[in-house]
Amino acid sequence: MVRFIGEGTGRVIVLNLKRGELLLESVEQELAAAGVKNAIITGAIGSLKKAVFHRVTGMEREPVDEFVTVEKPLELASLQGVVVDGHPHFHMVVSDLEKTYTGHLEHGTEVLYLVEITLLEVAGLDLHRVKDRDNIAILTQK
């Protein structure tokens with residue numbers, strides 16, 4: 001385990017995404033516009049028209065992912081994760097009337113009616129994500 005300790009919190013970013021907007025792409029755009037490098041999600045809810053995500057499928061030394069696209073009315077019950085060096089790493093839980101889906105948020109996820117996301121900037125960290133020898137993403141301090 002590696003530990004990183006920030007020096008406090010910075011700005012609070014509240015995003016209100018509307019019908020047809022792309023979730024991850026919109027967040028990336030707003031983070032870049034605001035100059036946010038490191039943050040955490042404090043909350044996210046809403047509805048989706050299309051969810052695109054990946055999830056692990058085995059326990060091999062290197063990750064093997066399955067990419068999934070679900071196109072139907074979905075409730076976004078949870079979006080959790082961090083922003084490291086300006087790049088979001090988010091996982092979501094969504095459900096339709098019969099199933100629940102979870103995985104790593106990918107580009108192409110589209111808002112149905114509304115998504116509200118709150119992010120809290122973390123001050124005093126200069127984190128970076130790199131791949132280790134097993135192709136696993138790890139955090140380092142710049």
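In helix α1, L23, L24, S26, V27 and L31 are buried, that is, under 20% relative accessible area with a 1.4 Å probe and protein chains only. Viewed along the axis of α1, these buried residues fall within an arc of 160°, so they line one face of the helix. The arc is taken from the directions between the helix axis and the C-beta atoms. The model is predicted; local features need pLDDT of at least 70, side-chain atom pairs count only at pLDDT 80 or more, and totals for chains, interfaces and linings use all residues. Residues are numbered from 1 along each chain as its sequence is written, and side-chain values use heavy atoms, without hydrogens and water.

The face of α1 turned away from the buried side carries Q29, A32 and A33, which are exposed (over 50%). Cover for the buried residues of α1 includes β1 (8-18), β2 (39-56), β3 (65-84), β4 (87-95), β5 (100-105) and β6 (110-123). Helices (H or I, at least four residues) and strands (E, at least two) are DSSP runs, numbered from the N terminus. G35 follows α1 and has a positive phi, near 70°.

The largest nonpolar core holds 29 residues, of which L48, L79, M92, I117 and L119 touch the most other members. Such a core joins buried Ala, Val, Leu, Ile, Met, Phe, Trp, Tyr and Cys residues through side-chain atoms within 4.5 Å. Two or more residues each come from β1, α1, β2, β3, β4, β5 and β6. Contacts of L79 (heavy atoms within 4.5 Å) include L23, I41 and F90, not counting residues up to four places away in sequence.

D85 lies in the loop between β3 and β4. D85 is not a glycine, yet its phi is positive, about 55°. At 16% relative accessibility, D85 counts as buried.
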